[in-house]
Amino acid sequence: MAMDNDGRPDPDALLALARKEETGVRNGKLRIFFGAAPGVGKTYSMLEAARAALDEGLDVVAGVVETHGRAETEELLSGIAVLPRRRIDYKGHELSEFDLDAALARRPALLLVDELAHTNAPGSRHAKRWQDVRELLAVGIDVYTTVNVQHIESINDVVAQITGVRVRETVPDTVLEEADAIVLVDLPVEDLLRRLREGKVYVPERAEWAAEHFFRSGNLFALRELALRFTAERISAEVLVYRKGHAIEATWPTSERLLVCVGPSPTSAKLIRTAKRASAARHVPWIAVFVESPRLSDTQRQSAAENLRLAEKLGAETATIAGLRVSEEIVALARAKNVSTIIIGKPVRPRWKDFLLGSPVDELIRKSGEIDVHVIRGDVGGETERIVGEMAKPGISWRPYAVSLAIWAAATAVSFTMFPDFQLSNLIMVYLLGVVLAAMTCGRGPSLLAAVASVLAFDFFFVPPRFTFAVSDTQYVVTFAIMLGVALVISRLTTRMRDHAALARDLERRAGLMLALSQRLAEARGLDVVARTAGRAVTELLNCDAAILVPDANGSLRHSGQSVAAFLDSKGLGAAQWAYENGHAAGLGTDTLPDVPALFLPLSGRDKVMGVLVTAPASPKEIFPEQIRILDSFARQVGLALEVERLQESARLAQLESEAERLKASLLSAVTHDLQTPLAAISGSAESLLLPNAVDDPHMHDMLAQNIRDEAARLSRLLDNLLRLTRLESGAVRLRKEPIPLEEIVGTALSRMEKNLAERPVVISLPEDLPMPPLDGLLMEQLLVNLLENVTKYTPAGSPVHIAAHKAEENIELIVADRGPGIPPDALERVFEIFYRAPGEKHPRGYGLGLAICRAVAVAHGGNIRAENRPKGGTRFIVTLPLEAATLEHAAHGANADNDSGH
């Protein structure tokens, strides 16, 4: 709507205006000189505007201006600073291009960049010149540029169909939408052809070819119409935003737009076809609108939905709005859409109904103001009456009338008990209260019956002479009239309030459903989880069978884990696949496979269709507009949620690929370097063995052989560690866990490291009642060996080593501590990264793999490892290993047994 009921501007429109102004302040301004074809004078007009800006004192620079040798254009360019072009060598040819970096460094107030659709030479920063322009705008430089209609992306195929020439260089429509101004440069076709013959568009050789192909008069007429229409649509959109942002109610007849009122009556079909013919004759867009009321029956809603589908098939923009006052809702929508003409059906009901209930057509004519209203006669009567839902419903229910009479009887009984002690005016209040109750509980018709019956009963039972309709005092006639009038007014107002409450409850219900779905989708993570959550939510919230179908890698739909309903047979899956591939609804209530008892709605994201929502309504024979609107809203929301998950998954995979590539590069670099050292030593020792004097010297021979063996062992350990780490991090290693005493792990590791630890004191502290955690013995042994080997490498010779373990809550902590120089605080976490070496290390023989393997082993056991610096120097490595429930229970029983024996 153009504005709220209190006359305030539309907040969304104000936000759009504010964003546009904010963008204009933050970025440079873009002005596009737009034409139908080359030669209409775009560059000339751009230079004229630039010279005007130059005269005003602005710093104007020509970044790139194509004069094509035209003397008058070159004359306008004189006096404007020209930016030197960048030279590019491409396949032996020297090309000249716009120098973006020079323009950014020069930073003028206004830059002229001709031919916005131009494709830059290979090697440029951006592939297209419009991308250069966007970068210029982002730093605050104003830009003047030119473009032809055939270069607009959305019109490119239309131009190719008209001219037979496919233009390869295009500009996205969003670039023109972001422009601050579009200046249409127009020239009559006869003048343009004359300029072409005079050589003012192309050189003679190219001009002759252009006249035979692109520059035929029919083509130019069509291109000119496209350019004028595009500019008009752009201006029309700006007018709508301005009117909404400034809360302008009055329609501005800058362009024609029709609106036709659609209802459940069969005569709506004639109105729709009339509106279609009128829009085609005038070449204007048209809108079909249905005003839904709580008073409409399900059958009427179904008929209205069919009429809306007919209008949509004929090319109308359709809209369904909820409201009680049809005329107010239609006029509000017409003004919001800047409609110039409203088409509505002629009422044929009796005049007395219009007198009592009011005529929607008369109200619409009075409130339409400057909007034209065309009243069309239908084939069979009552169109407007049916729009508001006053068409007689099939099978009148007498129950509300019986309830209304019961309320009237109760009011009469209460009045009888009050009659001796209260004045007649109090009895009137009792009857009016009964009318209010009847209106609130039974509706309009029963409340009118109660009003009339109350006046008659009051006259018959209580006005003297009693028990007769005659009155002794004529003043009571006025009392009866006022009482009847007040009762009717109260009845109508109460009924309207009841309808408003029903409408509010309906809107609240829809908002609640959307909120519930949003909350569930927000908590779901993963594409399949989101799809399953959405399917269950639709099933629960709308009480209908539902399923979400998502495409696999081949584009074939598959269900996302929930049970697929029986309606998803081969025909149903075919309808779902069609809805996915074409982006349109199929199945029940549509024109595509309408005999399938399910509705298939595409889940559209911003870029593409993400899947299909399949629903089977409770009644397989009909589906109502309310259900369609809610399902459409659900489908859009689920589609966006699925797209977000897809983008997050793509980002995660991209990050994993990036990490994998980084790891591969680091691995290759480190392995190359670390393999070269032992290989060089082995190669050097082997070459020395081949020397004649090396064979004669036994000591030299043994030393070289020993060096070859040591370096080969070192190389073997490196490769073994790399293979082990790769298998651990990829999950290829299957752990064989079993409860093992830590004493065995520690003893085996110390045996392997006996030679390295020969000159170091080793202190072991392992409690006797320590629980046995489930471990893979070989891997845990390797973890401890790596920790001990790390101690021997990076601590002074002879310094002590401490090995301890204790139970911490539901874990076992294994500790290896030393008295070395410690680790820099900022490297305590990074020492477990592959190939990382702490700053200042003086031991180049380490590969940075040992601690990385320790972390991989700990994580594989469900635990972790961390490093801490000790207060008096040294480092403590703490390995946390989880205990299983059975182990904890056994340990608890053991502790209880010890306590019992102590007593």
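User: What is the handedness of the crossing of helix 27 and helix 28?
Analyst: This is a predicted model, and in it helix 27 covers residues 777-794 while helix 28 covers residues 850-860. Their axes come within 9 Å and cross at roughly 150°, and because angles over 145 degrees count as roughly antiparallel, the two helices are roughly antiparallel to each other. The crossing of helix 27 and helix 28 is left-handed.

User: How many nonpolar, polar and charged residues does the contact of helix 27 with helix 28 have?
Analyst: On the side of helix 27 the contact involves L779, M780, L783, N786, L787 and N790, and these meet G850, L851, I853, C854, V857 and A858 in helix 28. Sorted by class, the residues of this contact are nine nonpolar, three polar and no charged.

User: Is N790 buried or exposed?
Analyst: N790 has its place in helix 27, and beyond the residues up to four places away in sequence it touches L851 and F877. Its relative accessible area is 17%, and since buried means under 20%, N790 is buried.

User: Which residue in strand 25 is the bridge partner of I865?
Analyst: Strand 24, residues 864-869, pairs with strand 25 in the antiparallel sense over six bridges. The two strands form a hairpin with five residues between them, where G873 takes a positive phi near 105°. Within strand 25, the bridge partner of I865 is V879.

User: How many of the eight residues of strand 25 are buried?
Analyst: Strand 25, residues 875-882, also pairs with strand 23, residues 811-818, in the antiparallel sense and over seven bridges, and here I812 has L881 as its bridge partner. Strand 25 is largely enclosed by the rest of the structure, because the number of its eight residues that are buried is six.

User: In which order do the five strands of the open sheet lie?
Analyst: The pairing in this open sheet is parallel, and the edge strands, each of which pairs on one side only, are strand 11 (317-322) and strand 13 (372-376). From one strand to the next the twist averages 25°. The order of the five strands is 11-10-9-12-13.

User: What angle does the direction of helix 11 make with that of strand 9?
Analyst: Strand 12, residues 341-345, pairs with strand 13 in the parallel sense over five bridges, and in strand 13 the bridge partner of I343 is H374. Helix 11, residues 268-282, packs on the sheet and touches strand 9 (258-261), strand 10 (286-292), strand 12 and strand 13. The angle between the direction of helix 11 and that of strand 9 is about 175°.

User: How many nonpolar, polar and charged residues are in the contact of helix 18 with helix 19?
Analyst: Helix 18, residues 424-442, and helix 19, residues 444-462, have axes 8 Å apart and pack at an angle of about 160°, which makes them roughly antiparallel. Helix 18 passes helix 19 in a right-handed crossing. Residues of helix 18 in the contact include L424, Y431 and C442, and those of helix 19 include R444, P446 and F462. By class, the contact divides into 14 nonpolar, two polar and one charged.

User: How far apart are the C-alpha atoms of G35 and D186?
Analyst: G35 lies in strand 1, residues 30-35, and is buried with a relative accessible area of 0%. Not counting residues up to four places away in sequence, G35 touches V40, K42, V147, N148, V149, V185 and A227. Although G35 and D186 are 151 residues apart along the chain, their C-alpha atoms are separated by 6.2 Å.

User: Which residues does H151 contact, leaving aside its neighbours within four places in sequence?
Analyst: H151 is placed in the loop between strand 7 (142-148) and helix 6 (156-163). At 14% relative accessibility H151 counts as buried. Leaving those sequence neighbours aside, H151 is in contact with A117, V167, E169, T170 and V171.

User: What share of the 903 residues in the protein chain is buried?
Analyst: The protein chain has 29 helices and 25 strands. Of the contacts between residues at least 6 apart in sequence, 69% join residues at least 24 apart. Among the 903 residues of the protein chain, the buried share is 44%.

Technical notes. Residues are numbered from 1 along each chain as its sequence is written. This is a predicted model: local features need pLDDT of at least 70, side-chain atom pairs count only at pLDDT 80 or more; totals for chains, interfaces and linings use all residues. Side-chain values use heavy atoms; hydrogens and water are left out. Axes are lines fitted to C-alpha atoms, for helices over the stretch in contact, and angles run from 0 to 180 degrees between N-to-C directions. Helices (H or I, at least four residues) and strands (E, at least two) are DSSP runs, numbered from the N terminus. Angles under 35 degrees count as roughly parallel, over 145 as roughly antiparallel, 65 to 115 as roughly perpendicular and the rest as oblique. A crossing is left-handed if the near helix is turned anticlockwise from the far one by less than a right angle, and right-handed if clockwise. Contact means heavy atoms within 4.5 Å. Ala, Val, Leu, Ile, Met, Phe, Trp, Tyr, Cys and Pro count as nonpolar, Asp, Glu, Lys and Arg as charged, and the others, Gly among them, as polar. Two strands pair if DSSP finds at least two bridges between them. Buried means under 20% relative accessible area, exposed over 50%, partly exposed in between (1.4 Å probe, protein chains only).
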